[in-house]
Amino acid sequence: VIGVAISASLLPPAVNTGMLIVLAPYSKWKPDNYATTYDEGKDEYVTNDGSNYSTHELYEMAACSFVLTLMNIFIIFGTAMFILWIKDSLGSNIKDWHQVSFWDKVSQFKRSKALPTGRSYG
């Protein structure tokens, strides 16, 4: 579950970054394939789908997506370090029977919330 959550937060902005970095020069090099027209007033190619993103704007959006990816990485790393620090500092105070008791309560909760078909929620 944790791996799915991490990949769900990291992959979309990382993929968006790559797509925008590739799209920016492609829209300038191959304007016919990108369905663009040349705007003489702005001296740039603009898309025909109404978005009108210039190459510079595409690079700006890619930079924002990259920053979001880096922020996600640092937040995940910082949270993991904080949780491990808490576990390390409190781990010696928690007896084994407290941990067993905790997991017994978790499994009892899951059994009480089981679906009628025998499947559980988690």
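Visitor: In which helix is Leu-70 found?
Guide: This is a predicted model, where local features need pLDDT of at least 70, side-chain atom pairs count only at pLDDT 80 or more, and totals for chains, interfaces and linings use all residues. Residues are numbered from 1 along each chain as its sequence is written, and side-chain values use heavy atoms, with hydrogens and water left out. Helices are DSSP runs of H or I with at least four residues, numbered from the N terminus. Leu-70 is found in helix α2.

Visitor: Is Leu-70 buried or partly exposed?
Guide: Buried means under 20% relative accessible area, exposed means over 50%, and partly exposed lies in between (1.4 Å probe, protein chains only). Leu-70 has 33% relative accessibility, so Leu-70 counts as partly exposed.

Visitor: Is Ser-65 buried or exposed?
Guide: Ser-65 lies in helix α2, residues 55–91. Its relative accessibility is 8%, so Ser-65 counts as buried.

Visitor: Which residues is Ser-65 in contact with, leaving aside neighbours within four places in sequence?
Guide: Contact means heavy atoms within 4.5 Å. With those neighbours left aside, the list for Ser-65 is Pro-13, Asn-16, Thr-17 and Leu-20.

Visitor: Which residues does Thr-17 touch, not counting those up to four places away in sequence?
Guide: Thr-17 lies in helix α1. Thr-17 is buried, at a relative accessible area of 8%. Without residues up to four places away, Thr-17 touches Ala-62, Ser-65, Phe-66 and Thr-69.

Visitor: How far apart in space are Pro-25 and Tyr-59, C-alpha to C-alpha?
Guide: Pro-25 has its place in helix α1, residues 2–29. Pro-25 is buried, with a relative accessible area of 14%. In sequence, Pro-25 and Tyr-59 are 34 residues apart; in space, C-alpha to C-alpha, they are apart by 9.3 Å.

How values were computed
Helices (H or I, at least four residues) and strands (E, at least two) are DSSP runs, numbered from the N terminus.
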